[in-house]
Amino acid sequence: MIALQKNHGWRDAYNPLRGLNLSRLTALQEAGERGQYADLQWLYYYMERSDAMIHSVIQRRRAALLSLDWDIRIVSQAQHDPRAQQQADFLRMAYDNIDNFREAVSFLFTGFFRGFAHLEKHWAANGLIERLEPVEQWFWLRDGLFGDWEYNAGANPGTLRGEPIESADFIIHETAALDRILSVLYLRKNLSQRDWDSFLSVYGIPAIFLVGPPNVPEDKQKEYQTIAEQILSDGRGFLPHESDIKFVNGGGDKPPFHDQIKYLDEQITIAATGGLLTMLAEAGSGTLAGGAHQDTFLQIAKSDAVTLAGVLQNAIDVPLLQQHFPGQPVQAYFEFSPNLTQETRQVVQDALLLKAAGLEVKPEEISEKTGYSLTQSPER
């Protein structure tokens, strides 16, 4: 099993954020386009744990997915077919047999940000999957952008070829990597923060100068210097007539760093959640805009659920049903319960409106979309 061969010793001592600059980031991204992911994915892993905003948006999207229950549905055309119910019962048993299913889904979710995620199927003696073992992204490579996946046991950079895998033994989620966008924003944000820290070290405490009275004798200048040093050291002292204190605020009254970091945080949130959401809501923005952002986020969260359900259906449902129900069409499938929106309620309302217009909706179609078990009510 590949998951038991992982050699991670040297990477534990390597911090990819140290010395990171735009040239280095560009080189890593270009290597990723060639299928060499080890250093790039290690950078993504560190970045996700090092920036508060990136960590927050990832946790928010992951929480929306993990808050969902799951179910096995029967296609509407087979609601009354006993073979479909047998398939559904079998799939429910198969998923219940996976002892780390929630953790596996959580790892599969990381593919949305890192571009891909692999779960290795570990089989039980009864022919069902007992575990879905995560194989982290830095252990993978491929020959070019669309080559076959190969395993890089040592997670070594610069490795061109690895160990071929049997794709049927893995659940593989591939998509566009959000971290490709977020890594550039992360770098710009940290460079701005570094410049802000430098600015504060120079101008954070205003420079103070004592302006002495005119025509000060040279022997008095040393005395005034002593008084000035006492004042600067938080002491108290007497200033001669016509003396003055000047504070020098260098660098301008409003340095641009705060506005730039705020802008970059907004870009991170928009890229990852489709809107500013409540974490960046401003006073006076109104509930309408906030509601629109929340609706957009819910659409993305629902899309995450539908996408991962499709991955699981292709990698688990179809091969298991073809193996245990040979010759039968696939009539049952895995799905995350769609409780992120008002979809269930809307389906029922639409059915009632159609009925009022003289049109009937088949109960099995409503059952498939809502998850409710429907029976015909007795005639009054």
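Select D304 to start; this residue lies in helix α10 (helices are DSSP runs of H or I with at least four residues, strands are runs of E with at least two, and both are numbered from the N terminus). D304 counts as buried because its relative accessibility is 3% (buried means under 20% relative accessible area, exposed over 50%, partly exposed in between, with a 1.4 Å probe and protein chains only). Now show what surrounds D304: apart from residues up to four places away in sequence, it touches R61, L65, F109 and F112 (contact means heavy atoms within 4.5 Å).

The model is predicted, with local features needing pLDDT of at least 70 and side-chain atom pairs counting only at pLDDT 80 or more, while totals for chains, interfaces and linings use all residues. Residues are numbered from 1 along each chain as its sequence is written, and side-chain values use heavy atoms, leaving out hydrogens and water.

Centre on I316: leaving aside neighbours within four places in sequence, its contacts are Y95, I98, I129, L132 and I171.

Move on to the open sheet of three strands ordered β3-β2-β7, where pairing is antiparallel (two strands pair if DSSP finds at least two bridges between them). Its edge strands, each pairing on one side only, are β3 (129–135) and β7 (170–174). From one strand to the next the twist averages 20 degrees (axes are lines fitted to C-alpha atoms, for helices over the stretch in contact, and angles run from 0 to 180 degrees between N-to-C directions).

Seven of the nine residues of α5 are buried, so the helix is largely enclosed by the rest of the structure. Colour the buried ones: F101, A104, V105, S106, F107, L108 and F109.

Within the sheet, β2 (residues 116–123) runs antiparallel to β3, joined by six bridges. Pick H118 to find its bridge partner in β3, V135.

Finish at another open sheet of three strands, β4-β5-β6, also paired antiparallel. Strands β4 (140–142) and β6 (163–164) are its edges. Two bridges link β5 (residues 149–151) to β6, and E150 has P164 in β6 as its bridge partner.
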